[in-house]
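Here is a short briefing on one protein model.

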Amino acid sequence: MVMLIRGVLRSLKIRTPSPSYYSSFSPSSSTTKSDAGIVSAADVAAEDLLLDDDLPASAAAAAATLPSLLQPRVVVYDGVCHLCHNGVKWVIKADQDRKIKFCCLQSQAAEPYMRICGVDREDVLRRFLFIEGPGSYHQGSTAALKVLSYLPLPYSALSTLLIVPTPLRDAAYDYVAKRRYDWFGKEDDCLVLKEKELLERFIDREEMFGRSKPDL
């Protein structure tokens, strides 16, 4: 039956992903291949994803200059903002299945994620970025609700607020975001450096550890 289905797909010229594509999403994967060779799990997390051939034209153009592997479900946020940092801490505590990963906007590791999404630092300072998967990213209130959708109940139920029109949701988000430094304060460097136990959930942890070491 499987051979019959494959034969029909070939006749219709429908491309099916190879098994290695799906294995790149598997938590059990320890290594994955790129154009440059084999990348170990120490360099790339287990849930790495392959950049898709069906990305929008603008994203595909940006992808040409990027590594062939990026991680899914990554939150890129303003690491010096107290409100943002407390939100990240809350998600880490609630995310019992460890589905969501994080990256400080102020780190170099954030650059390829911003480029593939076609946004810059000012865009992410205004509205945080959530890279959900190949060709799928969100900002602002939609990003927040998409993150909640990956959390266990009752938190995931809040994602039903996606039915509220985006302009209304983003108006409320932007009102708080523009005033967050005045209301909650900010630091000169990423707040996660003061709570290194959180860094295991950060894709830029090695960079953060390096920045926290005193100069010799």
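Which residues does Val 192 touch, not counting residues up to four places away in sequence? They are Tyr 77, His 85, Cys 104, Leu 198, Leu 199, Phe 202 and Met 208. Touching, or contact, means heavy atoms within 4.5 Å.

This is a predicted model: local features need pLDDT of at least 70, side-chain atom pairs count only at pLDDT 80 or more, and totals for chains, interfaces and linings use all residues. Residues are numbered from 1 along each chain as its sequence is written, and side-chain values use heavy atoms, with hydrogens and water left out.

**Cores**
- The largest nonpolar core has 23 residues. Such a core is a set of buried Ala, Val, Leu, Ile, Met, Phe, Trp, Tyr and Cys residues joined through side-chain atoms within 4.5 Å.
- Buried means under 20% relative accessible area, exposed over 50%, and partly exposed in between (1.4 Å probe, protein chains only).
- Val 192 is among the residues with the most contacts inside this core, as are Val 75 and Phe 102.
- Another core, of 15 residues, lies apart from it and includes Leu 70 and Val 124.
- In soluble globular proteins, nonpolar side chains tend to be buried together.

**A buried serine**
- Ser 156 counts as buried because its relative accessibility is 15%.
- Leu 148, Ser 149 and Leu 151 touch Ser 156, not counting residues up to four places away in sequence.
- A polar atom of the Ser 156 side chain lies 3.4 Å from the backbone oxygen of Leu 151.

- Phe 184 has a relative accessible area of 42%, so it is partly exposed.

Definitions and conventions. Polar contact = N/O pair within 3.5 Å; in protein donor to acceptor, adjacent residues only side chain to side chain.
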